[in-house]
Amino acid sequence: MLEAILKDTYGIMIYQEQVMRIASELAGFSMGEADILRRAMGKKNPELMAEQRKKFVDGALARGVPEKKAEKIFGLMEQFAGYGFNKSHAAAYAFIAYETAYLKANYPVEFMAALLTSEMANTDKVVKHIEECRTMGLDVLPPT
């Protein structure tokens, strides 16, 4: 039942849309109810999560999923809540990460100069970035 939903991500829940589809297909949630579950996971409200767990497990049982398996799947969905994004945001973040890595690898002096300039007001970050410059073999000169 999960294969079609998780195939593109090699069996791992990554996107919020996947959690919503799992709730819909395994437990019979409407998409509106699945969205309430997604929001409850994001807010980590214990009372609401207990209510959603019961609803999910009851729905999965009604669809022939064994209780232990339904509980395990819900547990995996809860773990996901700590890091999951919706698919469009994940794609945008991945693109930005790729571009950033490209600039750092191919234009290290310019990249680190821009990074240091953008963080001038945060001394802790400036210190961290200067350390990174040294690790990269870049000299950082004091202001003149």
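Leucine 2 comes out as partly exposed, because its relative accessibility is 23% and the partly exposed class starts where buried, under 20%, leaves off. This is a predicted model, and in it leucine 2 sits in the segment before helix 1 (3-6). Leaving aside residues up to four places away in sequence, leucine 2 touches Ile22, Leu26 and Ile73. As for methionine 41, it lies 39 residues from leucine 2 in sequence, and the two C-alpha atoms are 19 Å apart in space.

On to the charged side chains. Side chains of opposite charge can pair when their charged atoms come close. The structure holds 10 salt bridges. One of them links the side chains of arginine 21 and glutamate 25, at 3.3 Å from N to O. Both residues belong to helix 2 (residues 16-27), and because they are 4 residues apart there, about one helical turn separates them. Arginine 21 is partly exposed, with 33% relative accessible area, and glutamate 25 is also put down as partly exposed, at 33%.

Arginine 39 has a relative accessible area of 41%, which means it counts as partly exposed.

What about glutamate 78 and arginine 53? Which distance separates their closest N and O atoms? The answer is 2.4 Å, in a salt bridge. Glutamate 78 lies in helix 5 (residues 67-80) and arginine 53 in helix 4 (residues 46-62), so this pair ties together parts that are 25 residues apart in sequence. Glutamate 78 is partly exposed at 30% relative accessible area, and arginine 53 is partly exposed at 23%. Elsewhere, salt bridges with shared partners join Asp35, Arg38 and Arg39 into one network.

The largest pocket has a volume of about 220 Å³. Helix 7 (108-118) and helix 8 (123-135) are the elements that each give two or more residues to its lining, and helix 7 gives the most, with 5 residues. Among the lining residues are Val109, Met112, Ala113, Leu116 and Thr117, along with Ile130, Cys133 and Asp139. Sorted by class, the lining of the largest pocket has 10 nonpolar residues, 1 polar and 1 charged.

Definitions and conventions. Residues are numbered from 1 along each chain as its sequence is written. This is a predicted model: local features need pLDDT of at least 70, side-chain atom pairs count only at pLDDT 80 or more; totals for chains, interfaces and linings use all residues. Side-chain values use heavy atoms; hydrogens and water are left out. On a 1 Å grid over the protein atoms alone, a cavity is a set of points where a 1.4 Å probe fits but cannot get out, and a pocket is an open set with protein on both sides within 12 Å along at least five of seven lines; lining residues have an atom within 4 Å of a point. Grid points are joined across faces, edges and corners, and a volume is the space filled by probe spheres set on the points. Ala, Val, Leu, Ile, Met, Phe, Trp, Tyr, Cys and Pro count as nonpolar, Asp, Glu, Lys and Arg as charged, and the others, Gly among them, as polar. Buried means under 20% relative accessible area, exposed over 50%, partly exposed in between (1.4 Å probe, protein chains only). Contact means heavy atoms within 4.5 Å. A salt bridge is a side-chain nitrogen of Lys or Arg within 4 Å of a carboxyl oxygen of Asp or Glu.
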